[in-house]
Amino acid sequence: MRYSIEGEPLPVVICELENGETMITESGAMSWMSPNMQMETTSGGGLGKMFGRALSGESLFLNRYTALNGNGMIAFASSFPGSIRAFNIAPGQEIVAQKSAFLAGSAGIELSIFFQQRVGAGFFGGEGFIMQKLSGNGVAFLEFDGYIKEYELGPGQQIVVDTGYLAAMTASCQVEVKTVPGVKNMLFGGEGIFNTVVTGPGRIWLQSMPIAQMANTLRPYFPTSSK
């Protein structure tokens, strides 16, 4: 498979497939394709896999697109202004990403659910609690919100991230949801109640404009209905 990512801040990834090559994607992600691409909707591993995808923000079913009778082309567009990044997934190179980050990938990519270690705090930690893990073999395309900043963390090195700004990390990192210290800080600090603490070693990707944050920013400007 050959691909190109074009058009930020509203990017699209265009994939050129060889005859018989297959890609998987979440339901509704395909933007355009050549007429010889055959689509098949699948549960992607049964009820357990479907339930895990639902918890991690993905659709219940996956679509498989296969190039038949020659090479094919298929494109997947981002659903929000930001970035599309390609990741080479292999044993020992797994990626943990925010909910709904998965856009498309080669047929060898496996999706599963990832929980924070501290479940008690996680239930109230918003976007940071349930994430998705990408494993297997192949190339995966993830969509992130806004500008992306990367950091390489050494062993034991930590970074504190406002919940929702953690886009992805290598699976070698550890992540934990912690409460903001001090009741006054929680109530009047304007930064929420929880933060996400990521511990290395590994690489992390932070996003500058989480879609939930954007929605909160715009909410005061939406007209309210009157009865």
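Here is a quick tour of some features of this structure, grouped by topic.

The model is predicted, so keep the ground rules in mind: local features need pLDDT of at least 70, side-chain atom pairs count only at pLDDT 80 or more, and totals for chains, interfaces and linings use all residues. Residues are numbered from 1 along each chain as its sequence is written, and side-chain values use heavy atoms, with hydrogens and water left out. The structure holds three salt bridges, and salt bridges that share partners join Arg85, Glu150, Glu152 and Arg203 into one network.

**The salt-bridge network**

- A salt bridge here is a side-chain nitrogen of Lys or Arg within 4 Å of a carboxyl oxygen of Asp or Glu.
- As background, side chains of opposite charge can pair when their charged atoms come close.
- Glu150 and Arg85 meet through their side chains in a salt bridge of 2.8 Å, N to O. Glu150 sits in strand β14 (residues 148-153) and Arg85 in strand β8 (residues 82-89), so this pair ties together parts that are 65 residues apart in sequence.
- Strands such as these are DSSP runs of E with at least two residues, helices are runs of H or I with at least four residues, and both are numbered from the N terminus.
- Arg203 also forms a salt bridge with Glu150, and the closest N and O atoms are 2.8 Å apart. Since Arg203 is in strand β19 and Glu150 in strand β14, the pair ties together parts that are 53 residues apart in sequence.
- Glu152 forms a salt bridge with Arg203 too, with the closest N and O atoms 3.0 Å apart. Glu152 belongs to strand β14 and Arg203 to strand β19, so parts that are 51 residues apart in sequence are tied together.
- How open are these residues? For the labels, buried means under 20% relative accessible area, exposed means over 50%, and partly exposed is in between (1.4 Å probe, protein chains only).
- Glu150 is partly exposed at 30%, Arg85 is partly exposed at 24%, and Arg203 counts as partly exposed at 29%.

- Trp205 is found in strand β19 and is buried, with a relative accessible area of 7%. Its side chain makes a polar contact of 3.2 Å with the side chain of Glu150.
- The C-alpha atoms of Trp205 and Thr170 are separated by 9.0 Å, and these residues are 35 apart along the chain.
- Gln132 lies in strand β12 (residues 130-136) and counts as buried at 1% relative accessibility. A polar atom of the Gln132 side chain lies 2.9 Å from the backbone nitrogen of Phe102.

**A three-stranded sheet**

- Three strands form an open sheet in the order β15-β18-β17, with antiparallel pairing. The edge strands, each pairing on one side only, are β15 (158-162) and β17 (174-179).
- From one strand to the next, the twist averages 30°; angles run from 0 to 180 degrees between N-to-C directions, with axes as lines fitted to C-alpha atoms, for helices over the stretch in contact.
- Two strands pair if DSSP finds at least two bridges between them. Five bridges join β15 to β18 (residues 194-199), and Asp162 stands opposite Asn195 in β18.

- Most residues other than glycine have a negative phi, and most peptide bonds are trans.
- The peptide bond from Glu8 to Pro9 is cis, with omega near 15°. Pro9 is in the loop between β1 (2-6) and β2 (12-17).
- Gly200 and Pro201 are joined by a cis peptide bond as well, with omega about 20°. Pro201 lies in the loop between β18 and β19 (202-207).
- Asn69 is not a glycine, yet has a positive phi of about 55°. Asn69 sits in the loop between β6 (62-67) and β7 (72-77) and is exposed, with a relative accessible area of 80%.
- Ser100, also not a glycine, has a positive phi of about 70°. Ser100 lies in the loop between β9 (95-97) and β10 (102-106) and counts as partly exposed at 33% relative accessibility.

How values were computed: A polar contact is a pair of N or O atoms within 3.5 Å; within protein, one must be able to donate a hydrogen and the other to accept it, and residues adjacent in sequence count only if both atoms are side-chain atoms.
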